Amino acid sequence: MTAEIQTIDTLVVGAGQAGIAASEHLSKLGVPHLVLERKRIAEAWRTGRWDSLVANGPAWHDRFPGMEFKTSPDGFPAKDEVADYFEDYVKHINAPVRTGVTVNKITRNQGKPGFTVETSEGVIQANSVVSATGPFQVPVIPPIAPKDSKIHQIHSAAYYNPEQLPAGAVLVVGAGSSGVQIADELQRAGRKVYLSVGAHDRPPRSYRERDFCWWLGVLGEWDAEIAKPGREHVTIAVSGARGGHTVDFRALGHQGITLVGLTESFADGKVKFKNDLAENIANGDANYLGMLDAADEYIKKNGIDLPEEPEARKRLPDPECVAHPIKELDLAEAGITSIIWATGYKVDFSWLQVDTFDANGKPKHHRGVSYEPGVYFLGLPWLSRRGSSFIWGVWHDAKHVADHIAKQRRYSDYHAAAQKKK
């Protein structure tokens with residue numbers, strides 16, 4: 001790119017799964033476009049995840065329709081395999097991706113169509129803009145985090161392996177997929193681990209010879225367009241590690257991980273936990289059993305020949321940490337030298353200076369088409385359905401967004417042609 005102002009019909013910001021999906025559909029519709037990525041293609045998969053991470057869904061499911069993973073369809077690709085997949089996909093569709101370019105600011109033009117895009121490599125004029133930066137932008141560490149400099153604190157986004165942490169016990173806060181898998185890895189590496197468990201869904205990894213991704217599909221859950229009240233942001237505890245397995249908090253307790261309730265506060269070298277551990281585990285169990293019931297009913301109604309699995313309903317006895325939960329812990333006495341905050345992310349759209357955000361900075365849109373004409377979003381949770389932030393889900397959302405861009409482009413082309421006839 002040069003200092004000269006460039007023009008393009010559609011600019012896509014981000015070359016992760018959302019941006020690549022957008023590029024594929026825009027290309028199929030003949031829409032000239034450019035994808036800008038500030039680092040490398042699928043960079044978050046390479047450096048924003050821990051070393052041993054694998055995909056939480058099997059390779060047959062968590063992919064784009066146009067290309068399969070090189071690994072076994074029923075396997076769970078490692079993070080670098082996922083990044084390689086997207087790099088190969090960019091080549092496969094010949095996507096116009098430019099890496100190493102940061103988008104600093106986008107503003108709507110005044111008195112003429114389109115947007116001015118200020119980047120680290122110059123200025124671009126674009127008729128449409130697609131934000132494909134996804135939901136995992138800014139790691140969130142809650143304000144309750146202790147100010148004690150003696151405790152090594154990092155977000156899960158900065159965790160890579162047990163060796164990077166100082167010697168001692170570890171408190172992992174957050175029991176979604178990241179927190180559970182990191183806690184399990186640390187305990188297996190010989191660390192004493194405390195895992196703070198909040199509200200969560202706990203689906204079976206597989207049931208009656210079908211992965212939970214398949215069950216969510218046939219039961220219509222992936223395509224649910226409206227979240228159940230209060231369930232929009234409930235975390236899911238699921239794992240593809242070690243070939244894939246159902247997350248069982250009681251099993252983790254018996255394994256040696258000390259489970260505690262939701263982390264409430266830090267003061268005077270101590271941490272307090274809410275007295276909700278048993279309740280959170282019970283609610284997770286109810287979610288698990290509910291899915292088994294729905295699966296059994298589906299099999300019965302459709303006459304599907306799948307073997308019964310009564311052992312899936314067996315429950316381990318409560319480990320000591322659940323039967324008699326810890327409500328307060330002295331960090332020094334417990335030997336805790338590190339805290340890992342597996343507490344999620346927030347979005348940052350400060351670079352997108354257009355009128356399509358509410359008072360809390362949340363994008364206003366319908367299925368990715370924003371309230372600001374010409375601005376689109378992809379990759380956000382519940383963009384159009386439950387599966388919107390997943391690999392296959394964003395591909396389908398991108399088709400809708402690209403179709404909208406192409407339709408608007410045809411109206412503009414008509415107008416330009418009509419003007420020439422005058």
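Predicted model: local features only at pLDDT ≥ 70, side-chain atom pairs only at ≥ 80, totals over all residues.
Student: Start with the sheets. What is the strand order in the open sheet of five strands?

Tutor: The order is β8-β19-β9-β10-β15, with parallel pairing. Strands here are DSSP runs of E with at least two residues, helices are runs of H or I with at least four residues, and both are numbered from the N terminus. Two strands pair if DSSP finds at least two bridges between them.

Student: Which are the edge strands?

Tutor: β8 (152-155) and β15 (258-260), each of which pairs on one side only. From one strand to the next, the twist averages 20°.

Student: How many bridges join β10 to β15?

Tutor: Three, and the two strands run parallel. Tyr 194 has Thr 258 in β15 as its bridge partner. Helix α4 (residues 177-188) packs on the sheet and touches β9, β10 and β19, and its direction makes about 170° with that of β10. Contact means heavy atoms within 4.5 Å. Axes are lines fitted to C-alpha atoms, for helices over the stretch in contact, and angles run from 0 to 180 degrees between N-to-C directions.

Student: And β9, are its residues buried or exposed?

Tutor: Five of the five residues of β9 (residues 169-173) are buried, so the strand is largely enclosed by the rest of the structure. Buried means under 20% relative accessible area, exposed over 50%, and partly exposed in between, with a 1.4 Å probe and protein chains only.

Student: Which way do they point?

Tutor: Ala 169, Leu 171 and Val 173 point one way, Val 170 and Val 172 the other way, and all are buried.

Student: What does β9 pair with?

Tutor: With β19 (residues 336-341), in the parallel sense over five bridges, and with β10 (residues 193-196), also in the parallel sense, over four bridges. Ala 169 has Ile 336 as its bridge partner in β19, while Val 172 stands opposite Leu 195 in β10.

Student: There is an open sheet of three strands too. What is its order?

Tutor: β16-β17-β18, with antiparallel pairing. β16 (263-267) and β18 (328-330) stand at the edges with a single partner strand each, so one side of each is left without a neighbour in the sheet. Direction ignored, neighbouring strands are turned by 20° against each other on average. Four bridges join β16 to β17 (residues 270-273), and Phe 266 stands opposite Val 271 in β17.

Student: Switching to helices. At what angle do α1 and α3 cross?

Tutor: Roughly 15°, with the axes of α1 (residues 17-28) and α3 (residues 79-93) coming within 10 Å. The two are therefore roughly parallel to each other. Angles under 35 degrees count as roughly parallel, over 145 as roughly antiparallel, 65 to 115 as roughly perpendicular and the rest as oblique.

Student: Which residues make the contact?

Tutor: Gln 17, Ile 20, Ser 23 and Glu 24 of α1, and Phe 86, Tyr 89, Val 90 and Ile 93 of α3.

Student: How do α1 and α10 sit?

Tutor: The axes of α1 and α10 (residues 391-421) come within 8 Å and cross at roughly 45°, and the helices are therefore oblique to each other. The contact includes Ala 18, Ala 21 and Leu 26 of α1, and Val 394, Trp 395 and Ala 398 of α10.

Note on methods. Residues numbered from 1 in each chain as written. Heavy atoms only, no water.
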